[in-house]
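Dear colleague,

I am passing on the structure we spoke about, and below it you will find my notes on what I found. Please read them with the coordinates open beside you.

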Amino acid sequence: MSSDVVICLFASNGYDRAAQGVAGAGRNLAAQLGGSMHAVIVGPPEEVTTSAVAAVADTVTVLDQPELADYQPELSLASLQQACGQLDPAAVLLGSDTASLELTARLAARLGGSPMSDGTALAVADGAIRVTRSAYGGKAEAVFELTKSPAVVCLRARGFEPAEPTGGEASVERTIVELPDLVPTRVVDRRVEETEGVPLEDAQLVVGGGRGIGGAEPFDDLRQLAEVMTAAVGASRSACDEGWVPPSAQIGQTGKKIAPELYLAIAISGAAQHVLGISDAKAVCAINNDPDAQIFRHSHFGIVEDYRKVVPPLIERLRDLTS
Amino acid sequence: MRILVCMKQILDPDLPARDFRVDASRNEAERAGANLVPNIFCENALETALQLRDATGGSVTALSFGTEEAEDVLRKALAMTVDEAALVIRSDGPAPDALTVAKVLATAARKLGDFDVVMVGRESGDWGVGQTGGLLAEELGLPMVALVDGAEPADGGLKLRRQTDYGFDAVEAQAPVLVTITNCEGNVPRIPKTRDVMKAHRKPLTTWSFDELGVAADEKVAEVVELSVPEKHVTCEFVEGDSLDEKVDAFARKIADVMSGLG
Amino acid sequence: MSPADATREIGWNISAIWLMYVLLAPTLAVAGYGLWRHIRLWRCGQPVIRFDRPAARLGMVVRHAMLQMRTARQVYAGSFHLMVFAGFIVLMIATTVVMLDFDLHTSIMKGRFYLVFQSLIVDLFGGLVMVGILMAAGRRWIGRPQQLVYTKEASWLLVLIFAVVVTGFLVEGWRIAATHDPWAAWSPIGNVVAALSAPVMSESVLRTAHAGGWWLHLLLVYGLIAWAPFTKLRHIVTAPLSIYTGNLDGYGRGLKAIDFESEAPLGVASLEQFSCKDLLDLDACTECGRCTAVCPANTVGKSLSPRDIVLDLRMLMHGKAGELLATRGTTPEEEPRIPVIDEATAVAPEALFSCTTCAACLEACPVYIEQLPKILDTRRYLVMEEADYPQTMADAITSLEQRGHPFPGAQFSRVDWADGLDVPVLSEVEDPSQIDVLLWVGCANALLERNHSIVRSVATLLRDAGVRFATLGREEGCTGDPARRIGNEFLFEQMAAKNIKIFEKYGVRRILTCCPHCFHTFSNDYPALGGNYEVEHHTTFLADLVTDGRLSPSPSTGQKITFHDPCYLGRYNRVFAEPRRLISAAVSGDICEMGAHGPGAFCCGGGGGMAFAEEPPDQRVNRERARQAVDTGADVVAVACPFCMTMLEDGAASVAGNHELVVRDVAELLRGSVSTTENIP
């Protein structure tokens, strides 16, 4: 059985923080297995991406057919299946972007392996891959042993340290994969939401709003605060369900998992499913008018007050302090 | 259009953290007195399916694999007006893993006939692994689209909207196809009418036992080897101050400290 | 002439007086027909038992139709109404006297009786009517309070009644002047008319005026009688009827029973599904507006108006009279034939789901109209038949179904409040018959951390007093009250049945609740489902313990205190004194009452499922009540209900400039004043 690790990256993402985390995890796991780490890049990558990946991997396979430039589920699946199949690894690692989430189970099934998602740690025990992840909506932590090979795992990428350069430069091979002519599913349109500034998962400072915000307009006040803090804006599931913010702003079990230096939770009760999404934050603080709110049990500091009374003076004060 | 919705009954995700206990011998949560509820994403899927049926005609079948108590989920689905419901019962044994579930659901689905669309929730509120949908698609030989929050009929299939990290994609899918559903404003599960609740108890429910389906016992993809409740180590410091201004000032300073440390 | 012979000639100067009788017939026919038009509509409603216990019902009529005890609560309006009412009673007696004398030849209208009663008293009461009408007109035309409904009909009725009395006095005065009546002084007002008229009108002018005035007066009176049933003046008949058929069993017993086996629609969506009493109510309304004036939702600016619900339904009933009559004897249909719920009217879902079910409207209505049951009937339809109601309430209902409590996201279990207290649980008690009372905690106490201290206080006090009690622990599930108030009767019955089974299992006889909603539901809603228990709320139970000397509080000093009556303890179940007794035992000094207290207390905003609702920040009932508490200058507002506790703490936090007002349950206050060996916070 192979002891190699394959990491799957999408060219369109570049070698972003998530890719760096996947690479880092891949290197570590390969070391534990005593094998090599191969990178597979789906889609035609930029030069800078290829070199960055080549600096951390043992080999790089580029699948740069033009059909693969934009993500298409069936095409990406077919190409990864072929590429990974050829490499016959013990583990295939991916990030937690939506494309990877979509492909993992099917890729695993086609490779005869075991899928897993949202891994926060990887280990090897008696030749089997073990994945640590949150469970029961954040109330517990589980370690899964993946019984089939290869293990195909989506990682909570930004929680892993970026890969160290190997010191060398991996060989880069362009591989042509067989792509089906007709596909049953096609992405026909991509709507990208305007996000000013840094995307949520990469932001070092994040402001989150919850059910207590009470409406779509009050979120503008939060955006103002975020601007002064140079922070990104996210929300709990309740606020998204109400339609006050788009789903892409959702932080939690079924939203983004963020790892900022500081997360400011405003009018968020602190249910476990939301806290799951911020468990990698270095520090958490909260504004809530309920002293018994759960969020305070996860916060390093907080203020018990109606957020409406706090946010305007807070904006002013922060402006003064940071100017 | 024949739609199949697979639904899971889970331990109440709103169980207070202090009541949550791990059964170390089985590596799963202790049932104790906790309630069992339908997984919310399964209900989102059900609502999406019902809206699709209401728009195009056709039928919705609800299918579940669980203990006898899972019947409650299906009775509620019947009260929400699904046309048909079926349950595969397994009373004991460890919690089935994603592959076992996928095989069971696939076997049952084939017994129930051909479907144009299979809808499942993106993940369950208990383990949250979210792989069953994809494995089921492979078992049934269907293409799959994940994280869908809107479905409309289109020529020969569906026009889907799905959530992405950056916004939304519009996806065209030909039937038959499997779709995993995530939550949005538009698929909040409908409230059943009381009369339908009363009728639901009298509607027919197809049941099979796990053994009857002949699925190879516990063909697994994963096994839980450890389950623990992480210790919490955070104590919140509530800012002090005689007035609101003082408190806000203290709070702001702490934030500014973090910001200046980032450079 | 001696006083013994004092009299006057009835029908003096009136020729063809027989015309009066001739005209009477069509007048009564029109009036009768007018009344019948309404009676036949009421009969289209569902049957209801409201003619039993005649003695008690007659008592109600005496108190509220004759003495008008509720009308009197608004002093100005109550006074002028009583004046007009009493005035007309006397005038009618006077007319009867005339009839007895003139038509039945009894010659009673003479002598002292004639002078004192028929002349003086009648004049004075006639004057009283005029004063009353002027007071009413002043209120309606000058004061213009929000409470009233401003219609042409209402104004014309005032004018007509005034004209009736004025023409009466004019006729009397001109008679006195023309006949040089020796007893003129006994009719003071008529005498004034005479004195003013005589100098300017010759005898023949007086006679002509008198005759003309007499016939005018007759026409006005007959006109009033014939017209009355077509106006709100029909309340002369419908109000006593509504009072007679009123609900004798308390506000908690006014809801219709539902038979889930039948095909009839659940709740009311079509007019004929209301009861006969409901439809009578619509015609009994005098448009006084008190129900809306006391409605807490209306007070804070929400669209709910109980008065307008009644009046819009009345308009519907009159407008769709034909359709309503056609429903008699038919079976109910799925689609409502005469839809009652209409977004464009006062019976709009938004209004219906703003109601806190506080029953202030029931308490305020002078004629015992039942506004609240109508609101709940329509809610039941919207919730059970249409499944169309606010999502937050639906979430509470779903949580009830899934978890047995209405608080999704609650971080506590049923037993966490008892941490460290070692409270016995019934399932672990060896001999349940040894237990004096079951302590029923209630969801709002168990699941909301702030309220743990309330139950802990009760439990500690019970232990201090040596009461043998136990709880159901984790077996306790919601009484079903929120389901019933929101409108899901089906779920309520399911939950009640479950609890009744548990009570049977343990042979529970006595229940002590820590929440008025639980108290109310066990006392009023469970008996019909087979659950009959001795139920007490912690205020009455603890008050008895203090009275019996089993608890000895030493009142603390230095705190100004006010008390907020919980709707489901006070207004619904008439428990006002005991909480106050407990407060006085625990805190010395008088209670500075809020303006709206006791039976007229203003709701905290938490009932009727509203504790689970989202409300616009400027339309919050709890903030208004908190403001009322702050305005008393009190340091502490005492409450006796966990919902009131939550609502008022939230409300107090948002009253501008308030940083001091503290909310405490009566049990917490009592515990603070009783020295105990337990020192657990």
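Of the 263 residues in chain B, 51% are buried, a residue being called buried if 20 or more other C-beta atoms lie within 10 Å of its own, exposed if 12 or fewer, and partly exposed in between, with C-beta atoms placed from the backbone. This is a predicted model, in which local features need pLDDT of at least 70 and side-chain atom pairs count only at pLDDT 80 or more, while totals for chains, interfaces and linings use all residues. Residues are numbered from 1 along each chain as its sequence is written, and chains are lettered from A and ligands numbered from 1 in the order in which they are written.

Chain B has seven helices and 15 strands; helices (H or I, at least four residues) and strands (E, at least two) are DSSP runs, numbered from the N terminus. Its C-alpha atoms fill a box of roughly 70 × 45 × 40 Å along the principal axes. Of the chain B contacts with a separation of 6 or more, 69% join residues 24 or more positions apart, where two residues are in contact if their C-beta atoms, placed from the backbone, lie within 7 Å.

Nine of its nine residues are buried, so α4(B) is largely enclosed by the rest of the structure. The cover over these buried residues includes α4 and β5 (114-119) of chain A, together with α3, β8 (117-121), β9 (144-154) and β12 (177-181) of chain B. After α4(B) comes G141(B), with a positive phi near 65°.

Helix α4 of chain A (residues 98-111) packs against α4(B) at an angle of about 45°, with the axes 7 Å apart; axes are lines fitted to C-alpha atoms, for helices over the stretch in contact, and angles run from 0 to 180 degrees between N-to-C directions. The two helices are therefore oblique to each other, given that angles under 35 degrees count as roughly parallel, over 145 as roughly antiparallel, 65 to 115 as roughly perpendicular and the rest as oblique. Chain A contributes T104(A), A105(A), R106(A), A109(A) and R110(A) to this contact, and chain B contributes G133(B), G134(B), L135(B), A137(B) and E138(B). By class, the contact has four nonpolar, three polar and three charged residues, with Ala, Val, Leu, Ile, Met, Phe, Trp, Tyr, Cys and Pro counted as nonpolar, Asp, Glu, Lys and Arg as charged, and the others, Gly among them, as polar.

Within chain C, helix α19 (residues 452-464) and helix α27 (residues 666-673) pack at about 50°, their axes 8 Å apart, which makes α19(C) oblique to α27(C). Their contact has five nonpolar, three polar and two charged residues.

Lastly, the largest nonpolar core has 301 residues, and those with the most contacts inside it are V22(A), V5(B), L105(B) and L648(C); such a core is a set of buried Ala, Val, Leu, Ile, Met, Phe, Trp, Tyr and Cys residues joined through C-beta atoms within 7 Å. Its largest share, nine residues, comes from helix α3 (residues 98-112) of chain B. Apart from this core lies another, of 56 residues, including A226(A), A239(A), L264(A) and A293(A).

With best wishes
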